[in-house]
Amino acid sequence: GSVAKPHIIVAGAATWSIKIHNGSNEALTQYKINISSIAPLLEKLAKSSDVYWVLQDPVYEDMLSDSRKMITNEKIDAYNEAAVRILNSSSRNSKAKVKVFSVSKLIAQETIMKSVDGLHLPESSRDTNAMILMNVYCNKIMKPIDGSCCQPQPPLTLIQKLAFCFFTLSFIGYLIISLVHRNNFRKNKSITDLESGEEKKPAISTHNASTLEMLLHSFCKLGLIMTYFYLCDRANLFMKENKFYTHASFFIPIVYILVLGVFYTENTKETKVLNREQTDEWKGWMQLVILIYHISGASTFLPVYMHIRVLVAAYLFQTGYGHFSYFWLKGDFGVYRVCQVLFRLNFLVVVLCIVMDRPYQFYYFVPLVTVWFMIIYATLAIWPQIVQKKANGNCLWHLGLLLKLLCLLTCIYFLSYSQ
């Protein structure tokens, strides 16, 4: 009805039945009848609450008093088996299932030796059981980064299902086109004209078909990559593991790639400071260090965290500097260039948002560089468009560029300090 129901219901019974009826078989039969009668009620409650049936804990028979000698582990196992079989046998129980809390039995097996009377467990067992119950319930709500072991797998959204269908159809289409092409290739092989002795080569253009095949092949590879990402990040296929930072796990890989990098050197024709090859090299090293930083969980070590923040800021600067240099040198402010850069920056992230069911802001660095690219483009593209060729002819254009950048700085300043 309208009465508020509890979030969690914890129930269990058997030990008192064994004691009162002196461990008789008739009591076990009546116990099965009683469980069968309350099973539909528990199933109904399970639709709105988390219902747990706690298995009876084992006892330490040597320490039991004479009035409790009939409570044996054999009887407890029989009662537990009957409860599990009855509660999980209903066909109506497919969606709202009564959960069997069997972990308490496992905990009791480890701590029953510390029992005072052989029946009642120490308080540490109760605390552990309570902690597990709290994890099972609270992790669904809080979704902590380091405690997702009890977090259920999120259901697939409509967009995820459509993405899955798209990649599946791409895979099927690629197989069909590949088979058709192979069949046509066999039929249209060069054959020898028996009369003239010359080869007849079919003049069939397969340009469109090969382009479609390459496109579907690319979608298949992308689908395999996204499937791997989903299985690792969103599914519960692999065990979760916490990161424990050590200096060795962070610095040894860095020293390794530094030593390895010494043996890979290339000459460059560029002599200017911060040329394209130099900035690419710089960004590549920063990517490796940031990758090791995330894998090793080095964010818990404050000096490493502070230096990585500097690297992230330097990477952002390099990205903005690269875009500015392109517009300054090439003067290409066309829509094609803008779409090309936006696609290159955002394609993988948009696909990840669809497949992983993540918000766009979750991949924070890509929105960041996308916004600043548009700001750089808008600043340099508005009239007057000042590029290097124009500025070399008249020094006043350099002053105009400085005025543009000064206006941009003023806008950023007011936006950053406004509420």
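Which residues have the most contacts inside the largest nonpolar core?

## Nonpolar cores

In this predicted model, they are Y31, W53, Y79 and L87, in a core of 24 residues. A nonpolar core is a set of buried Ala, Val, Leu, Ile, Met, Phe, Trp, Tyr and Cys residues joined through side-chain atoms within 4.5 Å. Buried means under 20% relative accessible area (1.4 Å probe, protein chains only). Two or more residues each come from α2 (25-46), β2 (50-54) and α3 (73-87). The most come from α2, which gives seven. A second, separate core has 14 residues, including F333, V341, F373 and A391.

Helices (H or I, at least four residues) and strands (E, at least two) are DSSP runs, numbered from the N terminus.

## Basis of the model

Residues are numbered from 1 along each chain as its sequence is written, and side-chain values use heavy atoms, without hydrogens or water. Local features need pLDDT of at least 70 and side-chain atom pairs pLDDT 80 or more, while totals for chains, interfaces and linings use all residues.

## Domains

The protein chain is divided into domain 1 (8-138), domain 2 (247-264 + 273-331) and domain 3 (383-418). These bounds come from an automatic or database domain assignment. The centres of domain 1 and domain 2, taken over C-alpha atoms, are separated by 56 Å.

## Helix α9

Helix α9 covers residues 276-296. The expected span is 1.5 Å times one less than the number of residues. At the start of α9, a side-chain oxygen of N275 comes to within 3.2 Å of the backbone nitrogen of E277. After the helix comes G297, with a positive phi near 65°.

Buried in α9 are T279, K283, M286, V289, I290, I292, Y293 and S296. They pack against α8 (247-262) and α10 (302-330).

## Helix α12

Helix α12 has 17 residues, 365-381.

## Confidence

pLDDT is the predictor's confidence in each residue, from 0 to 100. The chain mean is 88, and 90% of residues reach 70 or more. Confidence is highest in α11, at 96, and lowest in strand β4 (residues 191-192), at a mean of 48.

Over residues 192-196, pLDDT stays under 50, with four contacts (heavy atoms within 4.5 Å) beyond four places in sequence. Residues 203-207 are also below 50, with one contact beyond near neighbours in sequence. Where pLDDT is low, the predicted coordinates should not be read in detail.

Methods
Buried < 20%, exposed > 50% of the residue type's maximum accessible area, 1.4 Å probe, protein only. Polar contact = N/O pair within 3.5 Å; in protein donor to acceptor, adjacent residues only side chain to side chain.
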